[in-house]
Amino acid sequence: MKILVCITNVPDTTSKIEFIEGNTKLNTASIQFITGPYDDYAVSRAIELKEQTGGTLTVLNVGTAETEPTMRKALALGADDAIRINAEPTDAYFVAQQIAHIAKQNNYDLILMGRESIDFNGGQVHGMVGQMLNIPSLSPVMKLDLEGNTAKMLREIEGGKEYLEAQLPLVLGCQEPIAEWKIPNMRGIMSARSKPLLVVEPASPEMLTAVSVFSLPPAKTGVKMIAAEDAASLIALLQNEAKVL
Amino acid sequence: MAKQYYSPRNLKFLLHEVFNAKELTNLHHYKDHDNASFDMVIDAARQIADNILHPAYIEMDTNEPQLKDNKITVHPAVKAYLKAMGDAGMIGATYSYADGGQQLPNLVQVAVSYILSAANNGATMYTGLSAGAGRLIASFATQELKDKYLPKMLAGTWQGTMGLTEPHAGSSLSDITSSAKLTETGAYKIKGQKIFISAGDHDCAENIIHLTLARIEGAPKGTKGISLFIVPKFREENGKFVDNDVITAGIYHKMGQKSTPAIHFIAGDKDNCEGWLVGEANQGLKYMFQMMNEARIGVGLMGAAIASAAYYASLEYAHERPQGRSLMEKDAKNAPQTKIINHPDVRRMLLLQKAISEGGLGLTMEAARYADLSEASANQEDKEKYFLLLDLLTPIVKTFPAEHGIRSVSEGMQVLGGYGYCKDFPLEQMARDIRITTIYEGTTGIQSQDLLGRKITMQNGKAVMLLAQEIMQTIQEATAFDDLKKYSETLQKELGRLQQVIQHLVPFAMKGEYNLFLADANLFMELASLIVVSWQWLKQAIVAQKAILSNNPQGDELSFYESKIHTMKFYFAYELPKTKSYATRLLDTDVLTLTTEKELIF
């Protein structure tokens, strides 16, 4: 069983987001970067499946050298090796191309990733990779078990859930509760230093989109206190300011 | 409950920018680590703190441990925490590879413990005690005992404790009476009682391992006749674990840190308690002091961590709570209320909180770095130098964050006004929790006597001279920056004041007038603490100033560095001048507490 997990390197959800250089660039100086939370679920389930099947697990990230601590964490958790495609991951099609290029060379049985990144939230990459490899792609997968070459899955759909079976190879976008997030142990952290981390240049420089400028939502306004008996003012505010009535 | 309890950015600043953790990896002992592994360890601690400890902080206080039918039940989060810490290999991370550790520098371990303790200080007692007890076994016990106890203690399945205090002997360990009698098997029959044993019994560990002080029959009186024993709750016999006659006689209902039971146990009531000698006979107290010095740094760190959690809780409240109008508001009746963070007195309280918690953390990390350098430096001269610096700083590291942490939490409560005194906010719990830190592992009185009576004078004042050199180095570095020059000059003057006080007091010791020498040791501790913490703040300000000048930081990053310099200025302006009153008192030989007239006390 050869498993590939694609991970993103994203700002911690508690980070305060600031843009610089005319709102064209994220100020990364004071930001703590983490593995994308949905990707973290994918990594956790992949580690469990690797242990069950005695297979191998590779993690892949499209990113610059700053993302290597995030990749090291995946190695500390139990991945065997890592591949970093040395490029900024700003375009979903470009990222999917890189993953597909690597996957074609390595014949993975299972390609997992988060259902979406939490910075750009495109949720497109798994679908594109499936298309490029001509194999099924499903998302969001909440449960995944393997029986031989068959994957049994639970997927969230509008208003309910569906239970699916499909033959490997597959590309899956994952979300909770597919597995519980894992915490790397000291031994894993130490051994991650000696695990292979291959850096490769992007296969194709084609990017179909580019961000021209970012903008932040307006700052929250102060709380307005209304006397308990003044329902008319409350209704007026809900109608005219909050526009929810 | 406030979402934030520590600042990852501040921890990164201290670890990498101020104390340059990477430099330690040049030492052979730490060569397998790098900055990425340090950051990963810290991130793993954050996960445990965020997911297990912090959500249970209030619940563990509300549902305190219960003793029923000789069994103590604690909050189930304790089990999850012990498992997570054991699985992560964090309980004994600083131990050598041979003893099951990963040779993590103490500097990084302090950062880890700080996160955990800020999230839930009481819960960290469980792992802290196992690490301390295990360290005694690793340092002094036979390989057979190490193999038997260490793996399970470091895995979090067995709980370690410290069995020192007895009902009639609190801080005075020379008076303990627990006894040990050698048996044919090589084990000792143990008999005695111990009180205030934190994590001394609970249902989240399969066995409790008490590192217990007792006297072997015929041993000399006083401290020279005390030996150290492993006394488990269950002992192994023929491959099975049987009851070792260690009974929980009672549980203390504490003011704070309610998550961890403190118990009274009786060993050998049925004459069926066995213990195993650790190291040599009659060396128990010496061994125990090794652990005690580490524990003292741990208690200081706990003070800084609780102060940090309180700071972020009150800061969050101050940003949200509207109350009153600006002092400069001309149309007060019609103007909307302003957030309380805009009131100068609230800012004063918040700045004091920040100064104490971040200054206390810096001081603790400095001590941890000295511990690493004394343990792993390549040459003997450096080892000795850093050992002396660590030895000198230890009582201050134990005391400053505890005593001033209490002040800091109290100011935090004041920021919240009446709400701070209520259970709706965590400040009241933090105020109860932190109170013990001035008592644990030697009260402030004992630390102060240790500092003045032993550490200042040891090796003819060599440690003080080494510390003065370290402070002078910072002072000289600060003079290179125009904005910091004024503060470097102030600190140099204060260093002179400290030397003047020492020169005044030490002759009393040389003349055998110990009463005059030590009567106001507590005030000396305050004086020394103010100067040492100011040194730490100047050190942090230098790094911030350099970063501003050379890295062109923007936005929050610039604010972070500027706030470091501002807090240094605050500490120098509002706290450091207090040295004058302490020095005045210490230079006066009319010591009012030495009166022998009993009626003057009433």
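In the predicted model, B:Phe241 is partly exposed, with a relative accessible area of 41%; buried denotes under 20% relative accessible area, exposed over 50%, and partly exposed the range in between (1.4 Å probe, protein chains only). B:Phe241 lies in strand E9 of chain B. Strand E9 (residues 240-243) pairs in the antiparallel sense with strand E8 (residues 234-237) of chain B over four bridges. Strands (E, at least two residues) and helices (H or I, at least four) are DSSP runs numbered from the N terminus, and two strands pair if DSSP finds at least two bridges between them. B:Glu237 has B:Lys240 of E9(B) as its bridge partner. Two residues separate E8(B) and E9(B) in a hairpin, where B:Asn238 in the turn has a positive phi of about 50 degrees.

Over all chains, the structure holds 18 aromatic pairs. Such a pair requires ring centres of Phe, Tyr or Trp (its six-membered ring) within 6.5 Å; planes under 30 degrees apart count as stacked, over 60 as edge-to-face and the rest as tilted. B:Trp158 and B:Phe241 form an edge-to-face pair, with 5.7 Å centre to centre and 85 degrees between the planes. This pair links distant parts of the chain, as B:Trp158 belongs to strand E3 (residues 158-163) of chain B and the two residues are 83 residues apart. B:Trp158 is buried, at 4% relative accessible area. A stacked pair is formed by B:Phe570 and B:Tyr574, at 4.4 Å centre to centre and 15 degrees between the planes. These residues are separated by about one helical turn because they are four residues apart in helix H17 (residues 555-574) of chain B. B:Phe570 is buried at 6% relative accessibility, whereas B:Tyr574 is partly exposed at 47%.

The contact takes 19 residues from chain A and 25 residues from chain B, contact meaning heavy atoms within 4.5 Å. The chains bury about 2100 Å² between them, 57% of it on carbon and sulfur atoms; buried area is the accessible area (1.4 Å probe) that two parts lose on being put together, summed over both. In chain A, A:Ile183, A:Met186 and A:Met190 lose the most area to chain B, together 30% of what that side buries.

Residues are numbered from 1 along each chain as its sequence is written, and chains are lettered from A and ligands numbered from 1 in the order in which they are written. In this predicted model, local features need pLDDT of at least 70 and side-chain atom pairs count only at pLDDT 80 or more, while totals for chains, interfaces and linings use all residues; side-chain values use heavy atoms, with hydrogens and water left out.
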